[in-house]
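The order runs from the whole chain down to a single residue.

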Amino acid sequence: MELPLSSLNAKATALYKENKLEDAIATYTMMFEKAKKNNLTHPEMYICHGNCSAAYLKLEKYEE
């Protein structure tokens, strides 16, 4: 069963807050891919992109 975007967002945000940054990035990426594939939107998608970027920065993965 696929999770809705809101559930993926909640999961990724929880992982980010727990400092599980690699897992948060993977979950955000899954969310972005699902949204793109199914032409879906989420009202806070811009925040998700910001949080994913912040996780990359904390990991010093500047190229990603």
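How many helices and how many strands does the secondary structure of the protein come to? I noted first that this is a predicted model. I then found three helices and zero strands. Read along the sequence, the pattern is α-α-α. The radius of gyration is 11 Å, close to the 11 Å that the globule rule gives for 64 residues, so I recorded the protein as being as compact as a globular protein of that length.

Next I looked up extents and surface. The C-alpha trace spans about 30 × 20 × 20 Å along its principal axes. Of the 64 residues, 33% are buried.

I then turned to contacts and charges. Taking contacts between residues at least 6 apart in sequence, I found that 54% join residues at least 24 apart. The protein has 8 positive and 9 negative charges, and I have their mean positions as 6 Å apart.

Last, I looked at one residue. Where is the place of Met30? I located Met30 in helix α2, which covers residues 21-38. Is Met30 buried, partly exposed or exposed? Its relative accessible area is 43%.

Methods:
Residues are numbered from 1 along each chain as its sequence is written. This is a predicted model: local features need pLDDT of at least 70, side-chain atom pairs count only at pLDDT 80 or more; totals for chains, interfaces and linings use all residues. Side-chain values use heavy atoms; hydrogens and water are left out. Helices (H or I, at least four residues) and strands (E, at least two) are DSSP runs, numbered from the N terminus. The radius of gyration is taken over C-alpha atoms; the globule rule is 2.2 Å times the number of residues to the power 0.38. Buried means under 20% relative accessible area, exposed over 50%, partly exposed in between (1.4 Å probe, protein chains only). Contact means heavy atoms within 4.5 Å. Lys and Arg count as positive and Asp and Glu as negative; His and the chain ends are not counted. The place of a charge is taken as NZ of Lys, CZ of Arg, CG of Asp or CD of Glu.
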